[in-house]
Amino acid sequence: MIEVVELDKTFCMHLLGGKEVHALKGVTFSVGKGEFLGVAGRSGSGKSTLLKCIYRTCRPTGGSILYASSDGVVDMALIPDLEVVGVRREMGYVTQFLRPVPRVTALDMVAEPLRDRGVDGVTARREAMFLLDQLGLPSSLWDSFPVLFSGGEQQKVNIARALITRPRLLLLDEPTAALDQASRMRVAAILEEAKEAGVTMIGVFHDREMLYRLADRVLHLDEGKVKGFSGKEGPSMRGGKNDPPHSRIENMAPTLWE
Amino acid sequence: MSVVLQVEGLTKVYGTGCPRCLELTGDGAGTNTCPRCGSVVACAGVSFEVLEGEILGLVGESGSGKSTVLQCIYLDVEATSGHVRLRGHPGNVLAADRESRRELRRKRMGMVYQDPQRGLHLDVTAGGNIAERLLEVGYRHVGAIRTRAASLLACTEIPVERMDDLPRHFSGGMQQRVQIAKALANNPQLLLLDELTNGLDVSVQAQILDLIKDIQRQTGVSIVLVSHDLRVVRLLAHRTMVMKNGRVVESGLTDQLMEDPQHPYTQLLVNCVL
C-alpha cells in the first residue's frame, strides 16, 4: 500500500542563519494493505515528520513515498499540490493536536470532511453524531465550540474527523495521548474495527500498551533513522540489550541536580 | 475539477520601463524599483490557476503586488503583459475589446475592494448600489430588482429595512457587507476579495469571514483572497501564494505553507503570526 524509500527531510531555518535540522535520514519501509504499522521512538526522533511527509504537509527533501491510491501508484514526494488534494481525500490524518476552527461547533467540525466530499448536511451530521457517541463525547458538547474543550475532548473531535470519511489509509499521530484509560480502550476498539474493515494504518504511539495491542509491526526511529522493526511479540522487544529503556533518565538525573 | 481562472506571466510595470527592469528587481534584488530607470515592477511573471469552488489565498507585505494582481485580473489596471483565461471566455481576458471587458466585469467577475468607497456609491442607497449591477445584467422590473436586492442583503446579514439607507451612514463592517452583496449580484464565477477585513474590529471580522465561507459553500464560487493576515488565509484558503517584491516566492497547500515554509520570507511571516 505504501512504500517509503530513502526518505530525507531537512528543515532549513532561514531566520536562524540557515541552521539545518535533519529530521529524517534515509528512512525506508513498506506497509501492506490492511496492515497496522506502529511507529515508536523518543521525542524528536522524526515520527510526526514522517507522517507529515506521507500526508505531504511537509515537503520531503529526498527519496520517494509510493502510495497505491485507488487511481494507481503515486509518489507523494513528487506529485503536484493539486493532485495531493485528490489523494488526501482517501486518507485520514489524526494530528497530535486539534486545530479548532473558531465559531464552528464540534458536530459541524466532524461533519465537515464529509460535506467537502459532497454529502448533504443532514446525513453528514447524523454520521458525526454516531461517531462522537462511539467515542464517548457527551452529547451536551456536540453543539459547543471545541476551542473551549479539554485536550481529551478536542482529541475525540480530531479522531472523529479522520474516521468519518472511512479512509483507505489512516495516519495517527499520538491519537490517545490526551485521553483517559476508558477512552483509550474505546479508541483502540474503534481502530481494531477499522482494521478488520481493511483500513491500512500507520500510528505513532508513546503508549506501549496501545502500540503492541494494535500494531502488527513496530518501526523504531532514532534521530531520524530506522533503528529496526519489532513484531507482535510485544514489549519484550523494546530497545536493544545495550540500551535499557530507562538508562538515559538515570544517567541524566545526577547532572540535573548537581 | 475544472479550472475557472488561469493566469500566466502576469506583469505590471509602472513607469517607462527598460529592458533590464525585470532582471534588476524581484526577490534576489530585494526591491521592486528598477535602479536603472526608476520604474516600479508591481508584479512580474505571476502564474497560477484557480479551480472551481476553490479559495486561493494571496499573502505578502504591503507593496508586494497582491492588489495589483487582482486589479489586473478585474481589468481595473492595464497589465503590461501576461495571459489571463477565464472559463467561458474565449482568448486572453487582458486583450479583450472594450465591449467584452464590460461584459467580463459585469457578468463573470465580482470584486470587493479594500476601501468600500471604491466599490460603492456611498450616496446611493444600498439597494440602489445593488440595482446598478442588476440593471447591467438585464434586470428591468423594479419589483424583481427589489426582491433580488433584499435577498442579497439578507444573505449578507444586512437588515432589509436598511435597504433604502445610504451606505455613507453605515458602519465599516456593514459597508463591506453591502459591497459583498453587490459583488454577488450577478452570480459571478469568480470573486476577487482585496483585504476585505481591514480596519474592522475582530468580531465584525469574524462575521465577514464566516459569511464568505458560507457563501462559498452555498454558491460554489471560486475566490481569490488577498490579505496580509495569515490567520485569515489559514481559515479560508485551500491553497496559498506568497508574494514579495512583485514576485511569487512560494506557493503550496495552505497547511504546507504554515507547517513547512521554505522561503525565508514565508518563514518570517509564519513566525510573526501572533
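This report looks at a helix pair and a strand with its two partners in chain B of a predicted model.

## Ground rules

Local features here need pLDDT of at least 70, and side-chain atom pairs count only at pLDDT 80 or more, while totals for chains, interfaces and linings use all residues. Residues are numbered from 1 along each chain as its sequence is written, chains are lettered from A in the order in which they are written, and side-chain values use heavy atoms, with hydrogens and water left out.

## Helices α7(B) and α8(B)

Let's start with α7(B) (residues 172–184) and α8(B) (residues 202–219), whose axes come within 10 Å and cross at roughly 15°. Helices are DSSP runs of H or I with at least four residues, and strands are runs of E with at least two; axes are lines fitted to C-alpha atoms, for helices over the stretch in contact, with angles from 0 to 180 degrees between N-to-C directions. The two helices are therefore roughly parallel (an angle under 35 degrees).

From α7(B), Gly173(B), Gln176(B), Arg177(B), Ile180(B) and Leu184(B) meet residues of α8(B), including Val204(B), Leu211(B) and Ile215(B) (contact means heavy atoms within 4.5 Å).

## Strand β6(B)

Next comes β6(B), residues 190–194, where five of five residues are buried (under 20% relative accessible area, 1.4 Å probe, protein chains only). Leu190(B), Leu192(B) and Asp194(B) point one way, and Leu191(B) and Leu193(B) the other.

Two strands pair if DSSP finds at least two bridges between them. Strand β5(B) (residues 109–112) runs parallel to β6(B) and is joined to it by four bridges, with Met109(B) opposite Leu190(B). Strand β7(B) (residues 222–226) also pairs with β6(B) in the parallel sense, over five bridges; there, Ile223(B) is the bridge partner of Leu191(B).

Notes. Parallel < 35°, antiparallel > 145°, perpendicular 65-115°, else oblique. Buried < 20%, exposed > 50% of the residue type's maximum accessible area, 1.4 Å probe, protein only.
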